[in-house]
Amino acid sequence: MASPFESEAPEAALRAGLERAKRERDVRYAEIRFVADGMERLRVRDLRPEQVTRTASRGVAVRVLGDKTWGFSCTPGLDEESVVGAVVRALAIARASGSLATRPVPFPPRPASRGSYTSPVAIDPFAIPLEQKLAVLDAPVRALLGKGKPLRSAEAWMDWTRTHKRLLTTEGTDVTQTFTYGAHGMQAIAVGDDGATQRRSFPTWQGGDGFQGGYERVAGIDLLSQVDRVAAEVVALLSAEPMPAGTRDVLLESSQVGLQIHESCGHPTELDRALGTEISLAGGSFLQPELLGKLRYGAPIVDLVADSTSPGGMGTFGWDDEGVPAGKRHLVREGSFVDYLSSRETAAALGRPSTGTMRADGWNRTPLIRMVNVSLEPGAAGGTLDALLNDTADGVLFETDKSWSIDDVRLNFQFTCEVAWEIRHGKRVRMLRDALYTGITPRFWRSCDAICGPEEWRLWGVTTCGKGDPMQTMQVGHGAAPARFRGVTVGSGGAA
Amino acid sequence: MIGADDLLALCKEALAEAGEAEAEICAVSRHRGFARFAVGELGQHMDIDEPLAAVRVAHGARVAEAGTSRLDRASLVRALRDAAEAARLVPETEGFPGFAGAGDALASPPRFESRTAHATAEERVAILAPAMGAIRAAGLVSAGALETTARAIAVATTRGCARAHEGTVASFKVWALETAGAGGAAGYGGHMHRDVTKLAVAEETERAVRVARLSCDPIALEAGTYDVVLEPPAIGELLEWLSMIAFGAPEMENGTSPLAGRIGERITGAGISLTEDPVDTSDLGFAAPFDREGTARRRVALVEDGVARAALYDRTYAARARTASTGSAMAPDASLAATIGPSALQLGGGDAASVDELVSGIERGLYVCRLHYVNGLLDPRRAVMTGLTRDGCFLVQKGRITRAVGNLRFTDSLLEGLARCDGRTRARSAVPTWGSDGATCAVPAVRLRDWRFNGKSQERAKLD
């Protein structure tokens, strides 16, 4: 596949590093991972090219498991001396850290993986002329600003990432993967006479509009087609009533269901969090191992799956960074909590096989358990959003996330959305601003009584999922159809 | 790691070889020793290189950027040529004033300590061993991290700007926990210093253990308004969010900043002063003395006695606003996002001799050690934020801490809350932020009246 960035793995240096690791008697396992990331970031704000950037980063990561524990090192150098040097440093760290270990890290062997994976790409985004891409961004910004006051600011963006990854391990794993990711969207900001501001975005909030694929996806997003609606809604929000506080039946459009999954199912099912190894950034999880197979996480209609094979998903790959093949597994089956996102080490602690979710953010980070595509299966009964609205006598439809927060064991969440619509007997009777809903994770998912069908199901991509210390960001996916939740606490985020 | 002087020489050589008339290179070389422990084990001990150069080329007001992780002359020259090719194709950037010239002389705050720069894996293990042991001996579970980082940054332009700087950061954070990952009682301690040997490891570990023990058997408190004392990590996290939504020129320009259109107006309580002070020479200072564009950083009063005074600018936004750059273009991260904001926000201290003095002024309220998952995007114009307490939340009755309280969710306006601030400690602490460039907040503990809590957390899930 054509790429504007140097991407050829330094085969001899990687092999030399692997052989160096194999020579050490106290090395139980080692992995050498070459990563070359090429990124293009384009942003047009208020008709100015706010960001026109291409950046390339490449290097080699080395993770070594010694007698007792891990050591990690990395190098931007691609020659044999640099890679072997990183192996030696990682081993020295593993040995130094071993003096504090109370027990050896469990790490069962597994068969070697071999092969390659490449994102399906019909049109290479890096082959499209820069001026063509900037024109695609300029047009909706110009059209939005052309609406005049009170629309104050407009922005459109297009991000492309190509990642080449080569993984060699002492177990014989030898896999090569090439990923192409994109993100594309726009937002408008309106400012009222009183200085109050409102924002409206499309296709969803910035950072939630990612996908795996090529430039062919841009035509399907078609920002220009949404300019009139986005402009009208952001202006209308300035005079909309705030969401009244109370308890209401809540309907979430599919991208908001995606973020709800992300925070209240994806993260708490990460086994490293549940076991306590992510405390220094984001906390633990209420989904403790003793609840596996016993906790009623949601209503019987709720099936949540971790699927690293979903076509076009940001969490789709061939193998994870420990060489475990991609697959599809239930995390929640018919409402019951049944499995975790796991690594080989954490799964071994529960006597289970890894669910293959270890990924690292580039060549200078260690792999962590990351969400793949964690998705809500569409409702078995099917149905459109219009049908769900028609089935709702009194409720509120929330669209497009604006703020997000959840506690350190992933129970108490609170989201606000850019816009909400009061629903009476199937009709959108009025727009509401600063709409907030809050709840407790299992109580919320148990209140789910309707999920739209496959015709409304869409796979969203989060480009900015943060985890780890030092921080890593990762591409993850969430498939969802709109869904309804009964008796949810709502209010106004601006009325505090 | 490449030193700052070598980095600057490399930048100059690359500019000369590329031959572009108007170009800029900002190169950063960072080496991090990072020992992360959890569940009583040192499971992630890492040796990390983070090299990055961001180059910009301008053809008139047409500006494009390229980045590379390879800090050698050929790679920098290639990046300059890539940026030059793109610059021919992009529209003009309104207000672009050209890249920086030689500029003002730099302040030279103390920032580098070789003992941090050269800390070894064995030294980090030796520092952590007694801390982890003390928590184990207390019957609690340890987690946390020790970081020793050295960073070199250089900026060179074709207009004669040539800056180089080296700094170090040592950071220790520690948790003592009732359970490894299931929540429950928890205590936190943390300290930053440029010298790893001056980290208060034993004191902060003892503090984490003490708070964790006090946090056992919490009572559930109903939502409502409470007077609160916020420890530095708690108020620091709120101010970090304020930094993201309030002080940058882009937020001023698009109207979403709470300061937009209000310079000279009171936006919060009298007595509240917020200052960007990147040249602080005390132990609270970690920032480089120049920004990504090579502009000398300086002290900027953002809010004085509750009155909005100024925002922060890079060169282009400053030109459009007909003001001068404040040296606030943040150092590049992996995405090369152009971020403008504080690198060293400081909240002025008060006259309380201690946190106990602040607590003594509360009839019934809460003492909050730390916050979790704050989000400040609810209503940026009013700086409405939500988040939860974490790692120690206690009921205060008649001026005394009486017992632990289960974690609570707050949703309130920070600026309106600071208007109800009637006490701050004299002593201040540096709190690390998530920003690049070793950004920190230097803050006292504060007392806010009538802070609004709207929910409880850590209710255990019920089995069927």
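Residues are numbered from 1 along each chain as its sequence is written, and chains are lettered from A in the order in which they are written. Because the model is predicted, local features need pLDDT of at least 70, side-chain atom pairs count only at pLDDT 80 or more, and totals for chains, interfaces and linings use all residues; side-chain values use heavy atoms, with hydrogens and water left out.

Chain B contains 10 helices and 19 strands; here helices (H or I, at least four residues) and strands (E, at least two) are DSSP runs, numbered from the N terminus. The radius of gyration of chain B is 23 Å, close to the 23 Å that the globule rule gives for 464 residues, so chain B is as compact as a globular protein of that length. The radius is taken over C-alpha atoms, and the rule is 2.2 Å times the number of residues to the power 0.38. Along the principal axes, the C-alpha atoms of chain B fill a box of roughly 70 × 55 × 50 Å.

Of the 464 residues of chain B, 64% are buried. Buried means under 20% relative accessible area, exposed means over 50%, and partly exposed is in between (1.4 Å probe, protein chains only). A contact is a pair with heavy atoms within 4.5 Å. Among contacts in chain B between residues at least 6 apart in sequence, 74% join residues at least 24 apart. Chain B has 53 positive side chains and 60 negative ones, and the centres of the two sets lie 3 Å apart. Lys and Arg count as positive, Asp and Glu as negative, while His and the chain ends are not counted. Each charge is placed at NZ of Lys, CZ of Arg, CG of Asp or CD of Glu.

Next comes the interface. In it, 92 residues of chain B are in contact with 97 residues of chain A. The two chains bury about 7,400 Å² between them, with 51% of it on carbon and sulfur atoms. This buried area is the accessible area (1.4 Å probe) that two parts lose on being put together, summed over both. Arg36(B), Asp47(B) and Tyr373(B) supply 9% of the area that chain B buries against chain A, more than any other three residues.

In chain A, Val83(A) lies in helix H2 (residues 80-98). Val83(A) counts as buried, at 0% relative accessibility. Beyond its neighbours within four places in sequence, Val83(A) has contacts that include Ala13(A), Leu14(A), Ile32(A) and Val62(A).

Some backbone details remain. Most residues other than glycine have a negative phi, and most peptide bonds are trans. A cis peptide bond joins Lys149(A) and Pro150(A), with omega about 10°; Pro150(A) is in the loop between helix H3 (130-145) and strand S5 (151-169). The bond from Phe202(A) to Pro203(A) is also cis, with omega near 0°, and Pro203(A) is in the loop between strands S7 (197-202) and S8 (210-212). Glu334(A) has a positive phi, near 50°, in the loop between strands S12 (328-333) and S13 (336-337). Asp434(A) has a positive phi of about 50°, and its loop runs between strands S19 (427-433) and S20 (435-440). Glu334(A) is exposed, with a relative accessible area of 56%, whereas Asp434(A) is buried, at 4%.
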